[in-house]
Amino acid sequence: MDTEAAEPAANLWRAGLERVPDAVWRREDLRVLILAGNGLTSIPPDIGRLRRLHTLDLGHNALTALPEEIGELTALSRCLYLHDNRLTALPRSLGRLHRLTYLNVGDNPVEALPEEIGGLVRLVELRAQRCRLRELPASLGRLTALRELWLRGNALTALPPGLSRLRELRELDLRDNALAEVPGALRGLPLLRRLDLRGNPLRAVPPWVARELPALERLDLRWTGVRPAPEPVGELERRGCVVHR
């Protein structure tokens, strides 16, 4: 028997909804709720009643804000999809979702991630692509279980020093930001395999990239100002790292 398929779920993907039926909020047994691809502009505080959810998909709507009650969903452990909405801010209560392992807030005009995001201590993958981020909260360094961090298409000029604590990080996408140098916060990350720096105004690759990123397998430097063959790049290539330039 497929026990996962038998879980209480409500799949309202592309159901043409402009508001969520009240009956959904009475389904307090729900483990999975999919509301993606509708015309939703708001979510009521009633969502806080669904305290058994492990997966919530609110992507591809027109949401401009989320209620603080989303922080009541402390059983959320698998996925929270908020991408492709019109969110300009995220509720501070997100930091109470201590069991969450995947969060996607990409394709929203979000200008800052809340400091409370550091409470997502089990997060394995964070996607905040094509937002309007100019900086990241220092608390991001508390996400020590993080393996993938996707930050493409923002306006970042630096990374907080605390990111050096992300010892499990394997993949980091920083494409199309405003980085003038490779962030020193990445020094010594033992498991980082892929680093995408395309489309940043870089001028050089510092020597520590070859020395202190021992697991690096792919480095993308296309559409930057890096010289054709700086010595650290040659050292990376000699050890088998694929460098795109």
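So, let's begin with overall size. For 245 residues, a compact globule would come out with a radius of gyration near 18 Å, and this chain has 20 Å, which agrees. Keep in mind that what you're looking at is a predicted model. The C-alpha trace spans about 65 × 35 × 30 Å along its principal axes. Of the 245 residues, 51% are buried. The accessible surface is about 11,400 Å², with 47% of that belonging to carbon and sulfur atoms. And if you take contacts between residues at least 6 apart in sequence, 32% of them join residues at least 24 apart.

Now the secondary structure. We've got three helices and eleven strands, and reading along the sequence the pattern goes β-α-β-β-β-β-β-β-β-β-α-β-α-β.

Zooming in on one end, β10, which is residues 218–220, pairs with β11 in the parallel sense over three bridges. There, R218 stands opposite V242 in β11.

Okay, salt bridges. The count comes to 19. Let me pick out D196, which pairs with R152, with the closest N and O atoms 3.8 Å apart. D196 sits in strand β9, residues 194–196, while R152 is in the loop between β7 and β8, so this pair ties together parts that are 44 residues apart in sequence. D196 also forms a salt bridge with R198, and there the closest N and O atoms are 2.6 Å apart.

Buried or exposed, what is D196? Buried, at 10% relative accessible area. R198 is buried as well, at 12%.

These residues belong to a network of salt bridges that links R152, D173, D196, R198, D220 and R222.

R175 counts as buried at 19% relative accessibility, whereas D176, at 35%, counts as partly exposed.

That's my tour, happy to take questions.

How values were computed:
Residues are numbered from 1 along each chain as its sequence is written. This is a predicted model: local features need pLDDT of at least 70, side-chain atom pairs count only at pLDDT 80 or more; totals for chains, interfaces and linings use all residues. Side-chain values use heavy atoms; hydrogens and water are left out. Two strands pair if DSSP finds at least two bridges between them. Helices (H or I, at least four residues) and strands (E, at least two) are DSSP runs, numbered from the N terminus. The radius of gyration is taken over C-alpha atoms; the globule rule is 2.2 Å times the number of residues to the power 0.38. Buried means under 20% relative accessible area, exposed over 50%, partly exposed in between (1.4 Å probe, protein chains only). Contact means heavy atoms within 4.5 Å. Accessible areas come from the Shrake-Rupley method with a 1.4 Å probe; for residues, only the protein chains shown count as cover. A salt bridge is a side-chain nitrogen of Lys or Arg within 4 Å of a carboxyl oxygen of Asp or Glu.
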